[in-house]
Amino acid sequence: MDPIALSLAAADAATPPAALAVVIRILHIAAAATAAGAVVFKAVALQPSLRVLEDGQRAALRAAVIPRWRVVVFTAIALLLVTGLLTFVLYRIPEYRGTPHAGLYHGLFGLKLLLALAVFHPATMLVLSGPAGDRARARAPMWLSIMLAEFAAIIILGAVLRYLPQLTA
Ligand code: HEM
């Protein structure tokens, strides 16, 4: 058997069950859809609409929304980190070990992870209470545009990673 077929057979033997991969993938994509969908809604509809409110009304709305939304943001970040790392360590490292695409896969994965960390930073700042959160919220339109671009790049990278062997065949 040639070395690539051998390493693929070894990976098959060592890889945890596919059912677990499906559960992890559902959680990862659900968290990603929640996070990205919320940023689209905020950038396109909520943020521009805040202008119709008086200063006091805007502050009251933010005070009501932020504590509720903070729980969702922190849960989504934790889920994305845990499910993303589990997918990488349990499934992709064994699958790609010894294959010609391993280096490219690891490089693109690293880029996806860095972009995700770059999204988590403003996502966290925007839901902080106190002056640090207020400073971030004063620049919300800029942060939301940056986050939209980062989400687009992350989703493209996720899809490319999924089909990397076929794309590079
Ligand atoms: C803003 C945060 C994130 C978003 C929006 C996101 C989105 C996605 C999506 C949509 C997929 C599925 C792609 C597909 O199958 O077509 C995916 C896959 C994946 N993500 Fe994430 N993700 C995020 C954060 C992370 C983090 C933090 C990690 C690692 C710690 C990670 C690791 C992975 C891995 C390993 C895959 C599987 C790629 C493959 O099929 O080989 N992701 N991600």
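Reader: Which helices each supply at least two residues of the shell around the ligand?

Author: Helices are DSSP runs of H or I, at least four residues long, numbered from the N terminus. Here α2 (18-49), α3 (55-96), α4 and α6 each supply at least two residues of that shell. This is a predicted model: local features need pLDDT of at least 70, side-chain atom pairs count only at pLDDT 80 or more, and totals for chains, interfaces and linings use all residues. Residues are numbered from 1 along each chain as its sequence is written.

Reader: How many residues surround the ligand, and which are closest?

Author: A residue is near a molecule if its C-beta atom, placed from the backbone, lies within 6 Å of it. The ligand is surrounded by 24 residues, the closest being Ala32, Gly84, Ala116, Gly158 and Arg162.

Reader: At what angle do the axes of α4 and α6 cross?

Author: Axes are lines fitted to C-alpha atoms, for helices over the stretch in contact, and angles run from 0 to 180 degrees between N-to-C directions. Helix α4 (residues 102-125) and helix α6 (residues 140-162) have axes that come within 9 Å and cross at roughly 155°. The two helices are therefore roughly antiparallel, a label for angles over 145 degrees.

Reader: Is alanine 30 buried, exposed or partly exposed, and why?

Author: A residue is buried if 20 or more other C-beta atoms, placed from the backbone, lie within 10 Å of its own, exposed if 12 or fewer, and partly exposed in between. Alanine 30, found in helix α2, counts as partly exposed because it has 14 C-beta neighbours inside 10 Å. Alanine 30 and alanine 76 lie 8.7 Å apart, C-alpha to C-alpha, with a sequence separation of 46 residues.

Note on methods: Angles under 35 degrees count as roughly parallel, over 145 as roughly antiparallel, 65 to 115 as roughly perpendicular and the rest as oblique.
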